[in-house]
Amino acid sequence: MANKTQPTEQDVHAYLAAIEHEGKRADALRLNDIFKRVTGYNPVMWGEAIVGYGQYHYRYESGREGDFLATGFAPRKANFSVYIMPGYGDFGDILARLGKHKLGKACLYFNKLSDIDTDVLEELIGAGLRDLEGHWPVKPT
C-alpha cells in the first residue's frame, strides 16, 4: 500500500505566498530558505501542506516499502511542524539547545521562528539527513 502523502505538482512558492497570517508567511519563507541551504535540495510539495526536501525509499523487515520526504516542514494553523526522518530519537543534545518546542515521533512543533534558535535548527536538519543516510539513500525529489 502506498503512502497517503505523495509528492505533488503544487507550486511551493505559491503555497507559501498564500499563507494568510503575515508572520507565519514570513517564517515559512525563511524556513524554506533554511531548508534549501542546509539540504541542497529544491522544495517539493508533499500532499497539500508539507514542503519537503529530498526523498528516500524505505523497505522494512515486514516487507512494507515506499518513498517519503527526507526532511521538511508544514506551516500548520496552530504551529509549524518540522519533519526529521526517521525520527528524533538520537538528537537530545541538539534539541536541548533548540528553544521552545514540542516533540512527536517524527515531528517537531514550534509556534514561530523567534521561539527557537535557527542555527540549532540548521544543525538538527543536517544531523537528521546524515542519520537518514545511514538507513536509506537520500536523493532529490
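Helices (H or I, at least four residues) and strands (E, at least two) are DSSP runs, numbered from the N terminus, and two strands pair if DSSP finds at least two bridges between them. The views show a predicted model in which local features need pLDDT of at least 70 and side-chain atom pairs count only at pLDDT 80 or more, while totals for chains, interfaces and linings use all residues. Residues are numbered from 1 along each chain as its sequence is written, and side-chain values use heavy atoms, with hydrogens and water left out.

**View 1. The hairpin of β2 and β3.** The two strands run antiparallel and are joined by eight bridges. Gly52 has Gly72 of β3 as its bridge partner. Five residues lie between the strands of this hairpin, where Gly63 takes a positive phi near 100°.

**View 2. Strand β3 and its pairing with β4.** Five bridges link these strands in the antiparallel sense, and a hairpin joins them through four residues. Pro75 has Phe80 of β4 as its bridge partner. Nine of the eleven residues of β3 are buried (under 20% relative accessible area, with exposed over 50% and partly exposed in between; 1.4 Å probe, protein chains only), so β3 is largely enclosed by the rest of the structure.

**View 3. Asn79 in the loop between β3 (65-75) and β4 (80-84).** Asn79 counts as buried because its relative accessibility is 19%. Leaving aside neighbours within four places in sequence, Asn79 is in contact (heavy atoms within 4.5 Å) with Lys24, Ala74, Tyr109, Phe110 and Asn111.
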